[in-house]
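Hello,

Here is the structure for you to look over. My notes follow below it.

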Amino acid sequence: MHPGLSVVFFTTATGAGYGLLALLGVLGGFGLIPADFWFGLVGMGLALGLIGAGLLSSTGHLGRPERAWRAFSQWRSSWLSREGVSSVATFIPAGLFGIGWVLLGKSGGWVAIAGLLAAAGATATVCTTGMIYASLKPIAQWHSRYTLPAYLIFSAMTGAVLLNALLQGFAVDSTAVLMFSLLATLAGWGWKLATWRYDDRLEIPTNANTATGLAGGTVRSIEWPHTEENYLLKEMGFRIARKHSAKLRRITQGLAFAVPAVLLAIAFASVWPFAAIASALAAIIQLVGMLVERWLFFAEAKHTVTLYYGR
(Lines give C-alpha, C1' and ligand atoms only; values in the text may rest on other atoms or scores of the structure.)
Protein backbone atom coordinates (compact mmCIF):
# COMPACT_ATOMS: atom_id res chain seq x y z
CA MET A 1 0.00 0.00 0.00
CA HIS A 2 1.45 3.34 -1.03
CA PRO A 3 0.36 6.70 -2.48
CA GLY A 4 0.05 6.59 -6.27
CA LEU A 5 3.41 7.65 -7.69
CA SER A 6 1.75 8.79 -10.91
CA VAL A 7 -0.35 11.30 -8.96
CA VAL A 8 2.70 12.46 -6.98
CA PHE A 9 4.55 13.16 -10.22
CA PHE A 10 1.45 14.67 -11.83
CA THR A 11 0.83 17.24 -9.10
CA THR A 12 4.52 18.17 -8.93
CA ALA A 13 5.15 18.45 -12.67
CA THR A 14 1.94 20.24 -13.61
CA GLY A 15 2.23 22.63 -10.67
CA ALA A 16 5.70 23.72 -11.77
CA GLY A 17 4.72 23.76 -15.44
CA TYR A 18 1.62 25.87 -14.96
CA GLY A 19 3.49 28.23 -12.64
CA LEU A 20 6.19 28.75 -15.28
CA LEU A 21 3.60 29.14 -18.05
CA ALA A 22 1.68 31.79 -16.08
CA LEU A 23 4.83 33.82 -15.43
CA LEU A 24 5.98 33.56 -19.03
CA GLY A 25 2.54 34.59 -20.27
CA VAL A 26 2.38 37.71 -18.12
CA LEU A 27 6.02 38.83 -18.23
CA GLY A 28 6.63 37.83 -21.84
CA GLY A 29 3.34 39.15 -23.11
CA PHE A 30 4.03 42.62 -21.70
CA GLY A 31 7.69 42.66 -22.76
CA LEU A 32 9.11 42.46 -19.24
CA ILE A 33 11.35 39.58 -20.32
CA PRO A 34 12.96 39.45 -23.78
CA ALA A 35 11.22 37.87 -26.76
CA ASP A 36 14.35 35.88 -27.62
CA PHE A 37 13.74 32.84 -29.82
CA TRP A 38 15.92 30.33 -27.99
CA PHE A 39 14.99 31.56 -24.54
CA GLY A 40 11.30 31.48 -25.44
CA LEU A 41 11.60 28.08 -27.09
CA VAL A 42 13.31 26.53 -24.06
CA GLY A 43 10.98 28.27 -21.60
CA MET A 44 7.73 27.35 -23.35
CA GLY A 45 9.07 23.89 -24.15
CA LEU A 46 9.89 23.29 -20.49
CA ALA A 47 6.53 24.61 -19.27
CA LEU A 48 4.43 22.67 -21.78
CA GLY A 49 6.70 19.62 -21.42
CA LEU A 50 6.16 19.47 -17.66
CA ILE A 51 2.42 19.96 -18.09
CA GLY A 52 2.19 17.32 -20.81
CA ALA A 53 4.30 14.81 -18.88
CA GLY A 54 2.22 15.37 -15.76
CA LEU A 55 -1.10 14.99 -17.56
CA LEU A 56 0.14 11.88 -19.34
CA SER A 57 1.34 10.31 -16.09
CA SER A 58 -2.04 10.92 -14.46
CA THR A 59 -3.67 8.46 -16.87
CA GLY A 60 -1.52 5.73 -15.34
CA HIS A 61 -3.53 6.17 -12.15
CA LEU A 62 -6.76 5.21 -13.88
CA GLY A 63 -8.13 1.69 -13.92
CA ARG A 64 -9.32 2.17 -17.51
CA PRO A 65 -7.18 4.95 -19.08
CA GLU A 66 -8.94 4.56 -22.43
CA ARG A 67 -12.10 5.93 -20.81
CA ALA A 68 -10.44 9.09 -19.48
CA TRP A 69 -12.24 11.18 -22.08
CA ARG A 70 -15.57 10.48 -20.36
CA ALA A 71 -14.50 12.54 -17.34
CA PHE A 72 -14.74 15.73 -19.42
CA SER A 73 -18.54 15.46 -19.56
CA GLN A 74 -18.99 15.84 -15.78
CA TRP A 75 -17.65 19.39 -15.47
CA ARG A 76 -20.87 20.65 -13.86
CA SER A 77 -20.33 18.58 -10.70
CA SER A 78 -16.79 17.17 -10.70
CA TRP A 79 -13.60 19.10 -9.90
CA LEU A 80 -11.66 16.34 -11.66
CA SER A 81 -13.65 16.97 -14.82
CA ARG A 82 -13.17 20.74 -14.49
CA GLU A 83 -9.45 20.15 -14.15
CA GLY A 84 -9.43 18.18 -17.40
CA VAL A 85 -11.44 20.79 -19.28
CA SER A 86 -9.36 23.74 -18.05
CA SER A 87 -6.05 21.94 -18.68
CA VAL A 88 -6.96 21.26 -22.31
CA ALA A 89 -8.48 24.72 -22.83
CA THR A 90 -5.29 26.37 -21.55
CA PHE A 91 -3.30 24.90 -24.44
CA ILE A 92 -5.19 27.14 -26.91
CA PRO A 93 -4.06 30.58 -25.61
CA ALA A 94 -0.69 29.07 -24.65
CA GLY A 95 -0.17 27.98 -28.25
CA LEU A 96 -1.15 31.40 -29.59
CA PHE A 97 1.14 33.09 -27.11
CA GLY A 98 4.01 30.80 -28.08
CA ILE A 99 3.51 31.59 -31.77
CA GLY A 100 3.51 35.33 -31.18
CA TRP A 101 6.21 35.56 -28.52
CA VAL A 102 8.59 32.81 -29.61
CA LEU A 103 8.19 32.49 -33.37
CA LEU A 104 7.28 36.07 -34.25
CA GLY A 105 9.25 37.75 -31.45
CA LYS A 106 6.38 40.04 -30.52
CA SER A 107 4.93 41.29 -27.25
CA GLY A 108 1.98 43.48 -26.39
CA GLY A 109 -1.28 43.59 -28.32
CA TRP A 110 -2.83 40.21 -29.08
CA VAL A 111 0.29 38.45 -27.77
CA ALA A 112 -0.23 40.05 -24.35
CA ILE A 113 -3.91 39.06 -24.40
CA ALA A 114 -3.00 35.47 -25.27
CA GLY A 115 -0.39 35.49 -22.51
CA LEU A 116 -2.90 36.72 -19.95
CA LEU A 117 -5.43 34.10 -21.02
CA ALA A 118 -2.76 31.40 -20.77
CA ALA A 119 -1.85 32.62 -17.27
CA ALA A 120 -5.52 32.69 -16.28
CA GLY A 121 -6.02 29.17 -17.62
CA ALA A 122 -2.93 27.93 -15.78
CA THR A 123 -4.14 29.47 -12.53
CA ALA A 124 -7.63 28.04 -12.98
CA THR A 125 -6.25 24.57 -13.65
CA VAL A 126 -4.10 24.65 -10.51
CA CYS A 127 -7.16 25.78 -8.54
CA THR A 128 -9.24 22.88 -9.85
CA THR A 129 -6.46 20.44 -8.95
CA GLY A 130 -6.34 21.83 -5.43
CA MET A 131 -10.13 21.67 -5.11
CA ILE A 132 -10.15 17.98 -6.02
CA TYR A 133 -8.50 17.33 -2.66
CA ALA A 134 -9.90 20.26 -0.67
CA SER A 135 -13.47 19.11 -1.45
CA LEU A 136 -12.98 15.61 0.00
CA LYS A 137 -14.73 15.79 3.38
CA PRO A 138 -13.78 12.22 4.46
CA ILE A 139 -10.10 13.30 4.54
CA ALA A 140 -9.82 15.94 7.24
CA GLN A 141 -6.18 16.81 6.45
CA TRP A 142 -7.17 17.86 2.93
CA HIS A 143 -10.58 19.35 3.65
CA SER A 144 -9.09 22.51 5.17
CA ARG A 145 -8.33 26.11 4.32
CA TYR A 146 -4.66 25.25 3.76
CA THR A 147 -4.98 22.91 0.77
CA LEU A 148 -6.01 25.20 -2.11
CA PRO A 149 -3.62 28.08 -1.23
CA ALA A 150 -0.80 25.52 -0.93
CA TYR A 151 -1.31 24.42 -4.54
CA LEU A 152 -1.22 28.03 -5.75
CA ILE A 153 1.78 28.99 -3.61
CA PHE A 154 3.81 25.92 -4.59
CA SER A 155 2.97 26.40 -8.27
CA ALA A 156 4.09 30.04 -8.19
CA MET A 157 7.18 29.08 -6.18
CA THR A 158 8.42 26.27 -8.43
CA GLY A 159 7.49 28.19 -11.58
CA ALA A 160 9.40 31.27 -10.42
CA VAL A 161 12.50 29.27 -9.47
CA LEU A 162 12.45 27.58 -12.88
CA LEU A 163 12.04 30.92 -14.66
CA ASN A 164 14.91 32.39 -12.66
CA ALA A 165 17.11 29.45 -13.64
CA LEU A 166 16.27 30.03 -17.30
CA LEU A 167 16.96 33.76 -17.10
CA GLN A 168 20.26 33.20 -15.34
CA GLY A 169 21.19 30.45 -17.78
CA PHE A 170 20.66 32.79 -20.72
CA ALA A 171 22.52 35.58 -18.88
CA VAL A 172 19.41 37.74 -18.71
CA ASP A 173 19.57 40.04 -15.71
CA SER A 174 16.28 39.99 -13.79
CA THR A 175 16.73 40.82 -10.13
CA ALA A 176 12.97 41.08 -9.66
CA VAL A 177 12.37 37.45 -10.70
CA LEU A 178 15.25 36.28 -8.49
CA MET A 179 13.88 38.13 -5.48
CA PHE A 180 10.37 36.87 -6.17
CA SER A 181 11.71 33.31 -6.36
CA LEU A 182 13.39 33.67 -2.98
CA LEU A 183 10.35 35.25 -1.33
CA ALA A 184 8.01 32.65 -2.84
CA THR A 185 10.23 29.85 -1.53
CA LEU A 186 10.17 31.33 1.97
CA ALA A 187 6.41 31.81 1.72
CA GLY A 188 5.98 28.20 0.65
CA TRP A 189 8.10 27.06 3.58
CA GLY A 190 6.04 29.07 6.03
CA TRP A 191 2.77 27.80 4.58
CA LYS A 192 3.95 24.19 4.77
CA LEU A 193 4.94 24.59 8.42
CA ALA A 194 1.55 26.12 9.18
CA THR A 195 -0.17 23.22 7.40
CA TRP A 196 1.75 20.63 9.40
CA ARG A 197 0.95 22.47 12.63
CA TYR A 198 -2.74 22.38 11.72
CA ASP A 199 -2.62 18.68 10.80
CA ASP A 200 -0.81 17.71 14.01
CA ARG A 201 -3.40 19.48 16.15
CA LEU A 202 -6.34 18.18 14.15
CA GLU A 203 -8.89 16.23 16.15
CA ILE A 204 -11.11 14.07 13.96
CA PRO A 205 -14.55 13.78 15.65
CA THR A 206 -15.50 10.59 13.80
CA ASN A 207 -14.74 7.19 15.31
CA ALA A 208 -16.10 3.67 15.09
CA ASN A 209 -18.93 4.53 17.51
CA THR A 210 -20.14 7.56 15.59
CA ALA A 211 -19.72 5.75 12.24
CA THR A 212 -21.96 2.89 13.34
CA GLY A 213 -24.30 4.88 15.57
CA LEU A 214 -23.66 2.55 18.50
CA ALA A 215 -23.16 3.87 22.02
CA GLY A 216 -22.64 2.50 25.52
CA GLY A 217 -19.23 0.99 24.87
CA THR A 218 -16.26 0.94 22.53
CA VAL A 219 -16.90 -0.38 19.04
CA ARG A 220 -14.04 -2.30 17.49
CA SER A 221 -13.53 -4.21 14.26
CA ILE A 222 -13.28 -7.99 14.58
CA GLU A 223 -12.40 -8.63 10.94
CA TRP A 224 -12.17 -6.75 7.67
CA PRO A 225 -15.36 -6.30 5.63
CA HIS A 226 -13.68 -8.07 2.68
CA THR A 227 -10.78 -10.43 2.05
CA GLU A 228 -8.70 -8.44 -0.46
CA GLU A 229 -7.29 -4.93 -0.65
CA ASN A 230 -9.37 -2.35 -2.45
CA TYR A 231 -8.67 1.05 -3.98
CA LEU A 232 -9.27 3.02 -0.80
CA LEU A 233 -6.91 0.85 1.22
CA LYS A 234 -4.19 1.18 -1.38
CA GLU A 235 -4.55 4.93 -1.82
CA MET A 236 -6.07 6.20 1.44
CA GLY A 237 -5.21 3.53 3.98
CA PHE A 238 -1.45 3.92 3.96
CA ARG A 239 0.10 4.04 7.43
CA ILE A 240 3.42 5.81 7.86
CA ALA A 241 5.38 5.56 11.11
CA ARG A 242 5.75 8.78 13.07
CA LYS A 243 9.56 8.58 12.96
CA HIS A 244 9.52 8.18 9.16
CA SER A 245 7.07 11.05 8.82
CA ALA A 246 9.31 13.32 10.91
CA LYS A 247 12.35 12.35 8.84
CA LEU A 248 10.55 12.99 5.55
CA ARG A 249 9.35 16.35 6.84
CA ARG A 250 12.96 17.34 7.52
CA ILE A 251 13.97 16.16 4.06
CA THR A 252 11.12 18.16 2.54
CA GLN A 253 12.14 21.32 4.38
CA GLY A 254 15.74 20.91 3.32
CA LEU A 255 15.26 20.04 -0.35
CA ALA A 256 12.12 22.00 -1.21
CA PHE A 257 12.76 25.17 0.78
CA ALA A 258 15.96 25.62 2.81
CA VAL A 259 18.60 24.59 0.27
CA PRO A 260 16.91 26.38 -2.67
CA ALA A 261 16.58 29.53 -0.55
CA VAL A 262 20.31 29.45 0.28
CA LEU A 263 21.22 28.84 -3.37
CA LEU A 264 19.00 31.70 -4.51
CA ALA A 265 20.63 33.98 -1.96
CA ILE A 266 24.04 32.90 -3.31
CA ALA A 267 22.84 33.63 -6.85
CA PHE A 268 21.72 37.08 -5.75
CA ALA A 269 25.18 37.83 -4.37
CA SER A 270 27.11 36.25 -7.25
CA VAL A 271 27.96 37.10 -10.84
CA TRP A 272 27.44 35.01 -13.94
CA PRO A 273 28.12 32.07 -14.40
CA PHE A 274 28.09 31.28 -10.66
CA ALA A 275 24.62 32.79 -10.32
CA ALA A 276 23.41 30.58 -13.18
CA ILE A 277 24.84 27.44 -11.58
CA ALA A 278 23.32 28.24 -8.19
CA SER A 279 19.94 29.01 -9.80
CA ALA A 280 19.92 25.77 -11.79
CA LEU A 281 20.78 23.74 -8.69
CA ALA A 282 18.03 25.51 -6.75
CA ALA A 283 15.44 24.57 -9.39
CA ILE A 284 16.52 20.91 -9.62
CA ILE A 285 16.77 20.37 -5.86
CA GLN A 286 13.45 22.09 -5.24
CA LEU A 287 11.62 19.83 -7.70
CA VAL A 288 13.09 16.77 -5.99
CA GLY A 289 12.00 18.17 -2.63
CA MET A 290 8.49 18.80 -3.93
CA LEU A 291 8.24 15.18 -5.02
CA VAL A 292 8.94 14.20 -1.40
CA GLU A 293 6.47 16.82 -0.15
CA ARG A 294 3.72 15.56 -2.44
CA TRP A 295 4.33 11.93 -1.45
CA LEU A 296 4.08 12.93 2.20
CA PHE A 297 0.93 14.94 1.45
CA PHE A 298 -0.78 11.74 0.32
CA ALA A 299 0.86 9.40 2.84
CA GLU A 300 -0.14 11.38 5.93
CA ALA A 301 -3.79 11.74 4.89
CA LYS A 302 -6.28 9.55 6.73
CA HIS A 303 -9.57 8.54 5.13
CA THR A 304 -12.45 7.84 7.51
CA VAL A 305 -13.06 4.54 5.68
CA THR A 306 -10.15 3.12 7.69
CA LEU A 307 -12.47 3.09 10.72
CA TYR A 308 -14.00 -0.04 9.25
CA TYR A 309 -10.61 -1.72 9.43
CA GLY A 310 -9.96 -0.94 13.08
CA ARG A 311 -7.48 1.86 12.40
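In which hand does H1 pass H10, left-handed or right-handed? The crossing is right-handed. Please keep in mind throughout that this is a predicted model.

**Overall picture**

The protein has ten helices and zero strands. From the N terminus on, the order of elements is α-α-α-α-α-α-α-α-α-α. The chain has 311 residues, and 45% of them count as buried. Now take the contacts between residues at least 6 apart in sequence: 80% of these join residues at least 24 apart.

**H1 against H10**

Back to the opening pair. The axes of H1 and H10 come within 9 Å, and they cross at roughly 130°. That angle makes H1 oblique to H10. From H1, the residues that meet H10 are Leu5, Val7, Val8, Phe9, Thr11, Thr12 and Ala16. H10 contributes Leu287, Met290, Leu291, Arg294, Trp295 and Phe298. By class, this contact has ten nonpolar, two polar and one charged residues.

**H5 against H10**

H10 (residues 274-299) also packs on H5 (residues 147-169). Here the angle is about 155°, and the axes are 8 Å apart. H5 is therefore roughly antiparallel to H10. The crossing of H5 and H10 is left-handed. On the H5 side, the residues in the contact include Tyr151, Phe154, Met157, Val161, Asn164 and Gln168. On the H10 side, they include Ala276, Ala283, Gln286, Leu287, Met290, Glu293 and Arg294. The residues of this contact divide into 14 nonpolar, seven polar and two charged.

Some H10 residues turn up in both contacts. Leu287, Met290 and Arg294 meet H1, and Leu287, Met290 and Arg294 also meet H5.

**Three buried positions**

*Gly17.* This residue lies in H1 (residues 5-29). Its relative accessibility is 0%, so Gly17 counts as buried. Leaving aside neighbours within four places in sequence, Gly17 is in contact with Ala47, Leu50 and Ile51. Look at Gly159 too. Gly17 and Gly159 are 142 residues apart along the chain, but their C-alpha atoms are separated by 6.5 Å.

*Ala118.* You will find Ala118 in H4 (residues 109-134). Ala118 is buried, with a relative accessible area of 0%. Which residues does Ala118 touch, leaving aside its neighbours within four places in sequence? They are Leu21, Thr90, Pro93 and Ala94. Pro93 is 25 residues from Ala118 along the chain, and the two C-alpha atoms are separated by 5.1 Å.

*Ser181.* This one sits in H6 (residues 175-201). Why does Ser181 count as buried? Its relative accessible area is 0%, so Ser181 falls in the buried class. A polar atom of the Ser181 side chain lies 2.9 Å from the backbone oxygen of Ala160. Ala160 is also among the contacts of Ser181 beyond four places in sequence, along with Val161, Asn164 and Leu264. Two of these residues link back to the helix packing: Val161 and Asn164 in H5 take part in the contact with H10.

**Where to look in the viewer**

- Then go to the C-alpha atoms of Gly17 and Gly159.
- Next, see Ala118 with Pro93.
- Finish at the side chain of Ser181 and the backbone oxygen of Ala160.

Best wishes

Methods
Residues are numbered from 1 along each chain as its sequence is written. This is a predicted model: local features need pLDDT of at least 70, side-chain atom pairs count only at pLDDT 80 or more; totals for chains, interfaces and linings use all residues. Side-chain values use heavy atoms; hydrogens and water are left out. Helices (H or I, at least four residues) and strands (E, at least two) are DSSP runs, numbered from the N terminus. Buried means under 20% relative accessible area, exposed over 50%, partly exposed in between (1.4 Å probe, protein chains only). A polar contact is a pair of N or O atoms within 3.5 Å; within protein, one must be able to donate a hydrogen and the other to accept it, and residues adjacent in sequence count only if both atoms are side-chain atoms. Contact means heavy atoms within 4.5 Å. Axes are lines fitted to C-alpha atoms, for helices over the stretch in contact, and angles run from 0 to 180 degrees between N-to-C directions. Angles under 35 degrees count as roughly parallel, over 145 as roughly antiparallel, 65 to 115 as roughly perpendicular and the rest as oblique. A crossing is left-handed if the near helix is turned anticlockwise from the far one by less than a right angle, and right-handed if clockwise. Ala, Val, Leu, Ile, Met, Phe, Trp, Tyr, Cys and Pro count as nonpolar, Asp, Glu, Lys and Arg as charged, and the others, Gly among them, as polar.
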